[in-house]
Amino acid sequence: MKKITIGGVPEHFNLPWHMAIENNKFKDKHIDLQWKEFPGGTGAMCSALRVGSIDAAVILTEGIIKDIIAGNPSKIVKTYVDSPLLWGIHVAESSKFNSVQELKNAKIAISRPGSGSQLMAKVNAVKQGFNVDQLKYVLVKNLNGGVNALSDGSADYFMWEHFMTKPYVDNGTFRRLDSLETPWPCFVIAVRNNILKEEPEAIKRMIKVINKQLKHFENPLENDKLITHFSERYQLKVEDVKTWLSLTKWNRKKTVSKKLINSIQNKLTDYDVIKENVPAKVLIKKMF
């Protein structure tokens, strides 16, 4: 039995992992998969990968690419979700701001440096014509921190996943000014280099198990039980779960292509998330 500790956000995208763990799918393949939740998101997982407190992570594509280039000793082994992530751009319900264009000099709540919330703020800034170098950030650690920062006025706007923040829009805590898609597939699986070297067969088995689990999500709108499971576990309205599932495309391939990684790097460069491309082999490890 090989122990692998993997990190992920406590959000709906990771239900396939929890179902596989709870149904002993990993143990059946001699993997003791330990799930560690990171409410702080991608920035927190990048730090955990660097120090070795986790072996792998289900992590935002843009965040891990940027951090590997900056020295994170990990590689991407698989794309997990092919579809883009939909980010809501939120202000407090009582905020003076009524459009995204008005946010030019506003303070941005982000979970931490290098997080998706920071990187997508840069993407939005480029799209709006703002000066990326003049963006002002307030560190809030996680979604709850973002709620508090907007409520007490210490930050002006906050970008977080559209559907996980929708309950706060529905109850009047947030107003959503707009939503913005990532211009790339949203989630990948990254693994520390030392684990790839020491336990390649265990990582292969892990990939095979999650790919098999994802087969159950191929026609999710036909599965009322699955929709209810998502709704109850993540406190989301059934209609929101259905909308989200209709937009989500899971990836069951065993590897990630150099062509895709280079295409993503080109876009990250355009949006000033990274300064220049690196060879794809720096970022990815072919397991099969």
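## A threonine in a loop

A residue counts as buried when its relative accessible area is under 20%, as exposed when that area is over 50%, and as partly exposed in between. In this predicted model, T173 has a relative accessibility of 23%, and it therefore counts as partly exposed. T173 is found in the loop that runs between helix α6 (162–170) and strand β9 (174–181).

Which residues does T173 touch, once residues up to four places away in sequence are not counted? They are V91, A92, E93, V147, S151 and Y168.

In soluble globular proteins, nonpolar side chains tend to be buried together. In this model the largest nonpolar core has 92 residues, and the residues with the most contacts inside this core are W17, Y80, L103 and M206. Among the elements of the structure, helix α8 (residues 200–214) gives the most to this core, with 7 residues. Apart from this core lies another one, of 12 residues, which includes V140, L143, A155 and F158.

Y80 shows what such a position looks like in terms of neighbours: leaving out residues up to four places away in sequence, Y80 touches F13, N14, P16, W17, V58, F187, V188, I189, I210, L214, W250 and N251.

Helix α1 (residues 15–22) is mostly covered, with 6 of its 8 residues buried. These buried residues are L15, P16, W17, H18, M19 and A20. Just after α1, N24 takes a positive phi of about 60 degrees.

The axes of α1 and α8 come within 10 Å of each other and cross at roughly 105 degrees, which means that α1 is roughly perpendicular to α8. On the α1 side the contact is made by P16, W17, M19 and A20, while on the α8 side it is made by M206, V209, I210, Q213 and L214. Sorted by class, the residues of this contact between α1 and α8 divide into 8 nonpolar, 1 polar and no charged.

## Aromatic rings

How many aromatic pairs does the model contain? The count comes to 15 aromatic pairs. One of them joins W17 and F26, whose rings are stacked, with 5.8 Å from centre to centre and 10 degrees between the planes. W17 has a relative accessibility of 0% and therefore counts as buried, and F26, with a relative accessible area of 2%, is buried as well.

W17 and F26 also belong to one aromatic cluster, which is formed by F13, W17, F26, W35, Y80, F187, F217, F230, W244 and W250.

## Helices α3 and α11

Helix α3 (residues 61–69) and helix α11 (residues 258–270) pack at an angle of about 85 degrees, and their axes are 11 Å apart. Because angles of 65 to 115 degrees count as roughly perpendicular, α3 and α11 are roughly perpendicular to each other.

Helix α3 contributes T61, E62, I65 and I69 to the contact, and helix α11 contributes I261, I264, Q265 and L268. By class, the contact of α3 with α11 has 5 nonpolar, 2 polar and 1 charged residues.

Key: Residues numbered from 1 in each chain as written. Predicted model: local features only at pLDDT ≥ 70, side-chain atom pairs only at ≥ 80, totals over all residues. Heavy atoms only, no water. Axes fitted to C-alpha atoms, helices over the stretch in contact; angles between N-to-C directions. Helix = DSSP H or I, 4+ residues; strand = E, 2+ residues; numbered from the N terminus. Parallel < 35°, antiparallel > 145°, perpendicular 65-115°, else oblique. Contact = heavy atoms within 4.5 Å. Nonpolar A, V, L, I, M, F, W, Y, C, P; charged D, E, K, R; others polar. Core = buried A, V, L, I, M, F, W, Y, C linked by side-chain atoms within 4.5 Å. Buried < 20%, exposed > 50% of the residue type's maximum accessible area, 1.4 Å probe, protein only. Phe/Tyr/Trp six-rings, centres within 6.5 Å; stacked < 30°, edge-to-face > 60°.
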